[in-house]
Amino acid sequence: MVVFGLWMLVIFGFGAFALDISRIYNEHSELRNGADAAAFAIAADCGQQRCDGFYDEHAVANMYADPNARDGATGINNVAIDFATQQVTVTVETEDTSGNNKLEMVLAQIIGYNDPTVQASATVMWGAPSGYDALPLAFSRCEWDSFGSAGFVDEDPLGFLHRQSSVVNNELPPTLGYPYAAKFVTIYLHGSSTCAAGPSGQDLPGGFGWLDSNPNCRIQPSLGDWLEIDPGASPPGECNPSTMRDTIGTVQFVPYFDDVVGTGTNADYHINGFGALYVTGYNFGGSYKEDSIVTGVAPCTGDDRCIQGYMMGDWVDSNTSPGLGGGDYGIIALEMKG
């Protein structure tokens, strides 16, 4: 009987560890998902300069952490926002519907283990992306300096061209009835150039802004790259008229350059960062002309070459950006740390 009793104690012990450790693992998994969601949401808000003195980061963390728990309850242990390093850390812990922060054990109590408090943390950084999949059309820093303040669509967090709430049928509405109708800008790449050729960061003499492209009419540059220009007035051959037409009414990411070396076919642009443009029309000559979907007329005529749209705010995650550290041209990348 003594031996039997000892064996029963061992069996209960193994059962306790098998069942209760599994419950702790599942609890931690739910908590980690909640911490990840909360940290991404807060980092996105801070990247869009919404974390002001009235911002309640704990309420936001609860909003995103609770749905990741099967019982809909997660305790927010701490939310730390570091504006100097541009990162947020969210720590969550066990909480049941009664507000208790202990995870109730099933068998472990029999062998003297108390109910534990399970915790999980996530840290997300925000900042300008250091690389992105982009249209092979470079804007100069001068264009951002000219239009980025006046034309940047970022005033209303819930408004036009800013968040998913603005998207209808996978499209962002460009019509004149919206409050940002006057915010579209026309960027001239030749002829009446926005930025006359000259100092660093301005358009190349005789250049049109096009870059050598891959077969899909895309480029994947990174911060600090020197990219060879495509000297033609029209888009590169990989960007046929149909492909370019498909950019109308869509958000296209574009690289910005801040320096130029060489001339003509031997010229290179130095990539300094990335921005987002909602394309409404363009005129690149020949078959590359599309009237503006805002005004209904060509954005420029004659020998001028231009593209029209809204410079807009957006955010991307680390799955589509190789890292942080680029120049600030209105878009924010979010990256999980660790």
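Let's start with a pair of strands. Strand β2, residues 87–93, runs antiparallel to β3, and 7 bridges join the two. A word on terms: two strands pair if DSSP finds at least two bridges between them. Strands themselves are DSSP runs of E, at least two residues long, and helices are runs of H or I, at least four residues long, all numbered from the N terminus.

Before going on, the ground rules. This is a predicted model, where local features need pLDDT of at least 70 and side-chain atom pairs count only at pLDDT 80 or more, while totals for chains, interfaces and linings use all residues. Residues are numbered from 1 along each chain as its sequence is written, and side-chain values use heavy atoms, with hydrogens and water left out.

Back to β3. Val-92 stands opposite Ala-120 of β3. β3 has another partner to show you: strand β13, residues 331–337. That pairing is antiparallel too, with 5 bridges. Look for Thr-123, whose bridge partner in β13 is Lys-337.

Is β3 mostly covered or mostly open? Mostly covered. Buried means under 20% relative accessible area; exposed is over 50%, and partly exposed lies in between, using a 1.4 Å probe and protein chains only.

Now the disulfides. How many does a search of the whole structure find? It finds 3. The test is a pair of cysteine sulfur atoms within 2.5 Å.

Take Cys-46 and Cys-51. Their sulfurs sit 2.1 Å apart. The torsion about the S-S bond is about -95°, so this disulfide is left-handed. Cys-46 and Cys-51 are both buried.

Next, Cys-217 and Cys-239. Here the S to S distance is 1.9 Å. The link is right-handed, with 105° about the S-S bond. What does the pair tie together? Parts that are 22 residues apart in sequence, because Cys-217 lies in the loop between β6 (185–190) and β7 (226–228), and Cys-239 in the loop between β7 and α4 (241–245). Cys-217 has 2% relative accessibility, so it counts as buried. Cys-239 is buried as well, at 0%.

That leaves Cys-300 and Cys-306. They are joined at 2.1 Å, S to S. The value about the S-S bond is -105°, and the link is left-handed. Both of these cysteines, Cys-300 and Cys-306, are buried.

To recap: β3 pairs with β2 and with β13, and the search finds 3 disulfides.
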